[in-house]
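Please open the structure in your viewer and keep the selection panel at hand. The tour below moves from one selection to the next and says what is found at each stop.

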There are 2 protein chains.
Amino acid sequence: MIKKIGIIGLGHVGTSVVESLKKYSSLIRERSSLSLKIKKVCDANKSRRNFAKKLGVPFTTDYNDLTNDPEIDIIVELIGGIEPANSIILSALNKGKSVVTANKALLATKGKKIFALAQKNRKRVGFEASVCGAIPLIKSTSEGLVCCDVKKIYGILNGTTNYILYKMQRENIDFASSLNEAQVQGYAEKKADLDINGVDSLHKLCILSYLCYGIWPSLDKVYAEGISKISLLDIAYAKDLGYQIKLLSIAKKEKGSLDIRVHPTLIPIDHPLSQVALAFNAVYFDTKPAGDLLFYGQGAGGVATSSSVISDIVSIASGHKGFIRSQGKAKIKNIADIKTRYYIRCMVMDSPGVLAKISKILASYKISIASVNQKERREGKFVPIVMQTHQAKESNMQKAINNINRLKVIKSPLQIIRIEDLPS
Amino acid sequence: MIKKIGIIGLGHVGTSVVESLKKYSSLIRERSSLSLKIKKVCDANKSRRNFAKKLGVPFTTDYNDLTNDPEIDIIVELIGGIEPANSIILSALNKGKSVVTANKALLATKGKKIFALAQKNRKRVGFEASVCGAIPLIKSTSEGLVCCDVKKIYGILNGTTNYILYKMQRENIDFASSLNEAQVQGYAEKKADLDINGVDSLHKLCILSYLCYGIWPSLDKVYAEGISKISLLDIAYAKDLGYQIKLLSIAKKEKGSLDIRVHPTLIPIDHPLSQVALAFNAVYFDTKPAGDLLFYGQGAGGVATSSSVISDIVSIASGHKGFIRSQGKAKIKNIADIKTRYYIRCMVMDSPGVLAKISKILASYKISIASVNQKERREGKFVPIVMQTHQAKESNMQKAINNINRLKVIKSPLQIIRIEDLPS
């Protein structure tokens with residue numbers, strides 16, 4: 001069976017998909033009995049014509065040439081961003097084509113409409129490459145865990161921030177230096193804001209929420225906090241307590257509500273997620289009946305990601321209809337209402353009664369302390385105190401922090417990082 | 001769409017499949033639009049009738065009632081062992097039914113014939129549950145990595161042995177005590193030989209070889225070595241060198257040959273496979289173009305494994321045809337011909353010239369030493385010496401060991417464990 005494909009966007013992923021389709025065509029045919037033919041490729045940048053020519057594939061700068069082509073069965077959108085990607089996908093679906101995309105920002109923003117249109121037109125939108133690059137996570141979850149109730153999702157969904165935190169910890173360099181190294185090594189872009197501030201992770205987490213719960217959260221209702229405030233002190237103190245700091249994407253399905261958020265998190269040092277090195281991605285699921293599962297691999301890179309794009313193409317070309325949960329319902333829990341444990345680091349004046357003042361404020365907001373360590377390091381006359389709390393309500397914690405920050409004996413602001421005591 | 005299923009074998013997995021199909025039926029229907037109906041269940045043991053009755057499912061002790069039933073679309077074989085499982089599967093395939101099985105011993109032995117018959121009759125044999133229990137590994141690999149060339153497979157495929165080694169290391173207890181604890185905790189059966197001696201891992205590795213390379217190795221041509229000779233000393237010395245000892249299943253596709261084997265292995269302590277705790281399973285793939293991937297989850301347990309059985313049922317019932325590599329060809333490499341690095345521990349008399357004698361023998365077989373440590377612990381008048389070699393040929397190493405064991409200054413036999421320097 002020959003299926004014809006149009007590829008729009010010849011960046012890192014797009015060019016790698018074209019190359020991998022050529023390179024691994026016999027393997028694909030052997031396994032799936034499919035012959036995949038690239039009918040045409042498109043990029044707004046004319047200079048990409050040379051790449052296409054070298055690989056013997058027709059080229060255009062106008063994506064309508066592809067979406068209007070009745071011979072093309074599958075449109076592969078790899079340009080990223082909202083427009084024209086959104087128009088391309090809607091147009092392709094309206095013309096009876098299935099779509100494959102790696103566009104997490106688009107799906108997180110417009111996914112609900114896109115999937116509704118696909119369902120109406122009985123076409124598929126393949127999105128394996130939109131979360132965790134090369135890891136076959138979408139297929140594993142939607143088909144492999146087809147009978148599973150996913151209770152909790154814990155993801156390291158952004159390679160750039162994982163690389164930065166990993167290097168800070170390994171090489172004892174601060175955030176700015178580590179970011180700089182990531183940029184030099186090609187693990188971070190010059191403009192790395194969306195990675196650093198947690199928004200890229202948030203996009204991917206919303207896609208996982210759709211996958212596991214059938215719910216597209218409004219982006220503005222999901223709390224996302226980045227890693228720029230994480231210091232070497234925190235990494236060292238966390239380690240003393242038996243924790244590693246990771247930018248964790250969390251979703252927990254509770255009765256009628258969804259606790260979903262992205263923030264730096266202390267996780268137990270002997271948990272497999274703690275061992276995720278360099279720019280690797282990983283997702284940990286707590287499920288029934290399959291139990292705990294971890295998927296780990298490269299989260300980015302054109303060559304690696306081409307594998308996921310091609311697996312979507314093959315799945316759609318083979319007539320697999322794919323499994324997705326239908327529209328789920330749940331109230332997105334406000335961050336103020338969550339309950340969690342906290343790591344608190346305050347720099348305090350080394351004078352009597354300071355700890356009493358802090359603990360009095362915490363107690364007045366019903367926050368009880370699980371451990372306190374006064375560290376010996378000194379920054380001028382300020383001494384770090386590191387505390388862990390028991391479970392506390394976020395809104396109470398925020399009020400307590402505001403009050404503590406107003407104390408004259410405190411060098412404000414104090415640092416708080418949430419703790420997840422993942423099962424080992 | 002309603003599909004009818006017959007389940008044969010009501011042990012841990014079989015009863016869990018019946019229960020999970022009931023418990024998660026709405027989730028399955030929501031995702032796949034399928035209604036799965038258990039037409040009949042079968043077990044040779046009459047006492048299982050009560051279980052079936054409680055769940056409202058017709059029961060028989062004669063599997064022919066199921067394989068002969070023209071209304072049953074899918075036969076699920078969960079009795080294990082070679083016969084009558086083999087006859088049941090062949091009979092079902094010959095009667096135009098697809099089959100789902102968790103039977104690794106059967107597939108490793110008769111898989112070639114079974115899959116050939118399935119292909120001839122255009123039916124499917126689902127085997128997700130045969131390797132790594134609840135991990136959706138077969139689907140991830142065959143479909144998610146459909147364009148991937150799997151260069152290397154490293155698996156922790158047996159939960160019992162992982163539990164034993166994990167507990168030895170964590171609790172500083174010897175092999176016999178750890179095995180005993182595993183039996184008490186239900187992680188090892190009373191007769192745990194097939195787990196301990198590596199044969200269960202070997203079966204699963206052969207299935208992965210079929211999955212990734214289209215090759216069914218003859219079981220008698222694949223080297224399998226168990227964990228009973230691993231001592232606490234080795235675990236401690238390996239740790240000093242930066243390694244963890246795991247029962248590793250290894251397959252490496254080389255030019256025209258397949259290096260495939262199961263044995264205790266030193267792997268770098270910061271590699272994700274080192275962190276696989278308790279009775280968990282994990283598989284690490286080195287692939288092109290998807291790069292390095294790890295899949296991790298529960299390797300056994302009826303409830304967890306029911307997820308994999310059901311995902312096969314749903315996939316087959318949905319008409320997915322599944323992807324498998326066609327017959328591959330490769331010579332199975334004799335263990336004598338492999339090249340690897342070795343950890344060597346000898347207990348030697350604490351007298352001058354001993355190291356010279358040992359290293360002279362090693363050198364005479366072209367084995368060069370990468371590191372030597374004389375340990376301070378003493379067992380009587382014998383002192384342990386721990387060495388790491390550079391890459392050496394197995395046949396040379398075996399000859400060298402024979403010679404060293406004959407030295408009077410050695411308390412034989414010396415211990416050798418192969419090293420895999422997995423990329424981190």
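**Starting in the core**

Begin by selecting A:V76, A:I313, B:V76 and B:I313, which touch the most other members of the largest nonpolar core, a set of 275 residues. A nonpolar core here is a set of buried Ala, Val, Leu, Ile, Met, Phe, Trp, Tyr and Cys residues joined through C-beta atoms within 7 Å; a residue is buried if 20 or more other C-beta atoms lie within 10 Å of its own, exposed if 12 or fewer, and partly exposed in between, with C-beta atoms placed from the backbone. This is a predicted model, in which local features need pLDDT of at least 70 and side-chain atom pairs count only at pLDDT 80 or more, while totals for chains, interfaces and linings use all residues. Residues are numbered from 1 along each chain as its sequence is written, and chains are lettered from A and ligands numbered from 1 in the order in which they are written.

Two residues are in contact if their C-beta atoms, placed from the backbone, lie within 7 Å.

**The parallel sheet of chain A**

Next, colour the open sheet of chain A, where 6 strands with parallel pairing follow the order β3-β2-β1-β4-β5-β6. Because β3 (59–60) and β6 (125–126) of chain A stand at the edges with a single partner strand each, one side of each is left without a neighbour in the sheet. Strands (E, at least two residues) and helices (H or I, at least four) are DSSP runs numbered from the N terminus, and two strands pair if DSSP finds at least two bridges between them.

Within this sheet, select β4 (residues 74–77) and β5 (residues 98–101) of chain A, which run parallel and are joined by 4 bridges; A:I74 has A:S98 as its bridge partner in β5(A).

**Where the chains meet**

Now show both chains: 46 residues of chain B are in contact with 46 residues of chain A. On the chain B side, α2 (25–32), α7 (137–144), β12 (291–298) and α13 (302–317) each supply at least two of the residues that touch chain A.

Zoom in on strand β12 (residues 291–298) of chain A, which pairs with β12(B) in the antiparallel sense over 5 bridges, and find A:G297 standing opposite B:L293.

**A buried phenylalanine**

Select B:F323, in the loop between α13 and β13 (331–332) of chain B. Is B:F323 buried or exposed? B:F323 counts as buried because 23 other C-beta atoms lie within 10 Å. Among the residues that B:F323 touches are A:R31 and A:S32 from chain A, together with B:V146. The C-alpha atoms of B:F323 and B:V146 are separated by 7.7 Å, although these residues are 177 apart along the chain.

**Around β18 of chain B**

Finish with strand β18 (residues 410–419) of chain B, which pairs in the parallel sense with β10 (residues 257–268) of chain B over 2 bridges. Strand β14 (residues 339–349) of chain B runs antiparallel to β18(B) and is joined to it by 7 bridges, with B:K411 in β18(B) as the bridge partner of B:M347.

Notes: Lists of a residue's contacts leave out its neighbours within four places in sequence.
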